[in-house]
Amino acid sequence: MKCFTFAGGKIAAGLEVRKDDRLGDVVFLGETGRGRRYEKIGFFRKDPAEIVNSFVTEAHPVKITVNRGADEKSFVVLAKPKDAKDQRVLVRINSYTGYVRCGSGGWKKLLGNSEALVHAYGAFGDAGRIGSWGDDLVLMAPGDAVEVHGSRSGRWVIDYSDAENAPLAMVHQDWEAKRAIDKGEDIKWA
Amino acid sequence: MGMKTFVVKSLLGARVEDGIRMSGGKYVCSCFDRDEVLCYGTDPAVEEYWTVNVGKQENQVFLRASEAEPDSDQEIVLVHEYSPGSGHKRWPSFHVDWQNAGPVEKLASVYRGKGSGSDTWTLAIAPAGWAENIASQFVNERDYEGQTISYCPVQERQLPSSLEDALSKLGL
């Protein structure tokens, strides 16, 4: 499935890959430090997703569960896409748009059933107690739409209305207008 | 269906132009650190609207291109009122006296103000000829004072019947 990154109100193809001392190539989400949570999304050893110019543009998420006695831990790695017919997309949703005291960035479902595969977050303040922003890897299917609100400002919608086109990011007001125009019946004409 | 079609005009001071230009299916007003949408067009590919149907949904206004015969009594006017900012202070400000603007229905309005100047964009349904009436009263000359203009429709004078008869006999 195709991969995208949403940040600052814009959506772009691909997930940025960084080098990690221990894991090698990873997609790094969130922020390190107290009151924060980071996640390193590694690559499937057997059949890793292809990296081109430090970006992954197509990948299949594989969930691996490890049992260590009573402890069970699961994580997601990125494998090469298998099913060409799979129309779902992976979208990294980063809701950081700057600092404001007690700002809170995140996303929520508007249409469909988008699912966060990996959840990470950054925060403001030494202990992360004066605001936070989410940085999630989200699985979206055709017909899904999610609303993103930035940590400082901004309210957008990621609209994956049809599989023929990439997901679109737009201001929430524009999305409402687009829906009204598409549906037609909600507009009262003079 | 009873849906009205209106001619669209843009009014800026003493200037009236036909139509309204949109970009990306919306009329965006730049408010310095943010953009505000005054109205949407129903077709993002259409850049200019000349005759339209006008619709509302909650707080949003939509214009849809229409080829039907436009209403002869009313028109849609995009009014751009302004107070010049520093550097242009000697030019008059242009405002409409909305309290005395006649039977006008405001559809949407966006204001921006920062420092000394300000702008207000308003989309309104107004009587036919309203835009020209306002524009004709505005004096856009340097060092002329700012103006807030009312709608002053020209009253058609009824000639006395005897004078009408006399004129008709003369073939006038």
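Predicted model: local features only at pLDDT ≥ 70, side-chain atom pairs only at ≥ 80, totals over all residues.
Visitor: Is A:Cys102 buried or exposed?

Guide: A:Cys102 belongs to the loop between strand E10 (89-94) and strand E11 (103-111) of chain A. Its count is 11 C-beta neighbours inside 10 Å. The limit for this class is 12 or fewer, so A:Cys102 counts as exposed.

Visitor: Near what value is the phi of A:Cys102?

Guide: Most residues other than glycine have a negative phi. A:Cys102 is a residue other than glycine with a positive phi, near 65°.

Visitor: In which loop does A:Ser54 lie?

Guide: A:Ser54 is a residue other than glycine, and its phi is positive, near 65°. A:Ser54 counts as exposed because it has 12 C-beta neighbours inside 10 Å. Its place in chain A is the loop between strand E6 (38-43) and strand E7 (55-56).

Visitor: Which residue follows H1(A)?

Guide: Helix H1 of chain A runs over residues 172-183, 12 residues in number. From first C-alpha to last, H1(A) reaches 16 Å, close to the 16 Å expected at 1.5 Å a residue. After H1(A) comes a residue whose phi is positive, near 80°, namely A:Gly184.

Visitor: Which element gives the largest share of the side of chain A that touches chain B?

Guide: The contact takes 10 residues from chain A and 12 residues from chain B. On the side of chain A, H1 and strand E17 (188-189) each supply at least two residues. That side divides into 6 nonpolar, 1 polar and 3 charged residues. Its largest share, 5 residues, comes from H1(A).

Visitor: What is the bridge partner of A:Trp189 in E7(B)?

Guide: E17(A) pairs with E7(B) in the antiparallel sense, over 2 bridges. Within E7(B), the bridge partner of A:Trp189 is B:Gly55.

Visitor: What percentage of the residues in chain B is buried?

Guide: Chain B has 2 helices and 13 strands, and its C-alpha atoms fill a box of roughly 65 × 50 × 25 Å along the principal axes. Of contacts in chain B between residues at least 6 apart in sequence, 62% join residues at least 24 apart. Of the 172 residues in chain B, the buried share is 27%.

Key:
Residues numbered from 1 in each chain as written. Chains lettered and ligands numbered in written order. Helix = DSSP H or I, 4+ residues; strand = E, 2+ residues; numbered from the N terminus. Expected span 1.5 Å × (residues − 1). Contact = placed C-beta atoms within 7 Å. Nonpolar A, V, L, I, M, F, W, Y, C, P; charged D, E, K, R; others polar. Pairing = 2+ DSSP bridges. Buried ≥ 20, exposed ≤ 12 C-beta atoms within 10 Å, placed from the backbone.
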